[in-house]
Amino acid sequence: VVVMERFDIVAMIENFLISAEILIEQNNIILKHKAHAPIYVWADEFKTEEVVRNFFSNAVNHAAGDRVIEIKYNLTKDNDTNTVRISVFNTGEPIPEEALPHIWEKFYKADKARTREYGGSGVGLSIVKAIMESMNQQYGVINYTNGVEFWFELETK
């Protein structure tokens with residue numbers, strides 16, 4: 001059941017990052033997250049935090065090279081709708097092109113050997129898909145030469 005409510009997505013993410021400090025430190029992650037004014041969204045706060053948690057833990061587990069994770073907010077206005085795109089980028093290997101259509105499927109693992117290293121179950125991104133679709137919101141992934149960015153959008157109020 002989706003419980004839609006108004007909440008500050010920036011404060012929610014900042015609180016999540018405080019709880020993830022040990023994980024960040026243990027994995028030698030360089031976190032980039034600029035202070036941002038409050039952004040009030042209309043969504044299920046508990047489920048949205050689950051999306052953030054899944055994207056962030058994937059970023060930690062797949063961070064390589066400079067081991068940077070960057071969280072960004074991008075506000076847009078389209079006709080009558082204002083949205084914010086929250087993105088979680090990590091440096092490392094891009095996802096193989098042939099795997100991209102399948103990453104949202106339950107139990108699909110693009111790199112089975114790497115997944116075994118950290119014990120991933122392969123359900124995180126399918127949970128993200130179910131949550132975002134239950135709220136009728138967009139989500140996706142963008143490959144870069146130096147890493148991967150997962151994103152989701154929420155309506156701002």
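Predicted model: local features only at pLDDT ≥ 70, side-chain atom pairs only at ≥ 80, totals over all residues.

Student: Are Asn 28 and Asn 136 buried or exposed?

Tutor: A residue is called exposed when its relative accessible area is over 50% and buried when that area is under 20%. Asn 28 has a relative accessible area of 57%, so it is exposed. Asn 136, with 66%, is exposed as well.

Student: How should I read a helix that has buried residues?

Tutor: One begins with the geometry. An α-helix has 3.6 residues a turn, so residues three or four places apart point the same way. In helix 1 (9-19), the buried residues are Ile 9, Val 10, Met 12, Ile 13, Phe 16 and Leu 17. Seen down the axis of helix 1, these buried residues fall within an arc of 160°, so they line one face of the helix.

Student: Which exposed residues does the face of helix 1 turned away from its buried side carry?

Tutor: That face carries Asn 15, Ile 18 and Ser 19, which are exposed. The start of helix 1 has a detail of its own: a side-chain oxygen of Asp 8 reaches to within 3.0 Å of the backbone nitrogen of Val 10.

Student: Which residues touch the most other members of the largest nonpolar core?

Tutor: A nonpolar core is a set of buried nonpolar residues joined through side-chain atoms within 4.5 Å. The largest one here has 40 residues, and those touching the most other members are Ile 9, Phe 55, Phe 56, Ile 86, Met 132, Phe 152 and Leu 154. Among the elements that give two or more residues to this core are helix 1, helix 3 (45-62), strand 5 (81-91) and strand 7 (147-156). Phe 55 illustrates the packing: leaving aside neighbours within four places in sequence, its contacts are Val 88, Trp 104, Leu 125, Val 128, Phe 150, Trp 151 and Phe 152.

Student: Where is Ile 103 found, and which residues does it touch?

Tutor: Ile 103 is found in the loop between strand 5 and helix 4 (112-118). Its relative accessibility is 6%, so Ile 103 counts as buried. Not counting residues up to four places away in sequence, Ile 103 touches Ile 95, Tyr 108, Leu 125, Val 141 and Phe 150. The C-alpha atoms of Ile 103 and Gly 124 are separated by 9.6 Å, while these residues are 21 apart along the chain.

Student: How many salt bridges does a search of the whole structure find?

Tutor: Side chains of opposite charge can pair when their charged atoms come close. The search of the whole structure finds three salt bridges. Arg 53 meets Glu 49 at 3.4 Å, N to O, and forms a salt bridge with Glu 50 in which the closest N and O atoms are 2.9 Å apart.

Student: Where do Arg 53 and Glu 49 lie?

Tutor: Both lie in helix 3, four residues apart, about one turn of the helix. Arg 53 and Glu 50 are three residues apart in helix 3, so about one helical turn separates them. Arg 53 is partly exposed, with a relative accessible area of 35%.

Student: What does the salt bridge of Glu 153 and Arg 85 tie together?

Tutor: The side chains of Glu 153 and Arg 85 meet at 3.0 Å, N to O. Glu 153 lies in strand 7 and Arg 85 in strand 5, so the pair ties together parts that are 68 residues apart in sequence. Glu 153 is buried, with a relative accessible area of 17%, whereas Arg 85 is partly exposed at 25%.

Note on methods. Residues numbered from 1 in each chain as written. Heavy atoms only, no water. Buried < 20%, exposed > 50% of the residue type's maximum accessible area, 1.4 Å probe, protein only. Contact = heavy atoms within 4.5 Å. Salt bridge = Lys/Arg side-chain N within 4 Å of Asp/Glu carboxyl O. Arc of directions from axis to C-beta. Polar contact = N/O pair within 3.5 Å; in protein donor to acceptor, adjacent residues only side chain to side chain.
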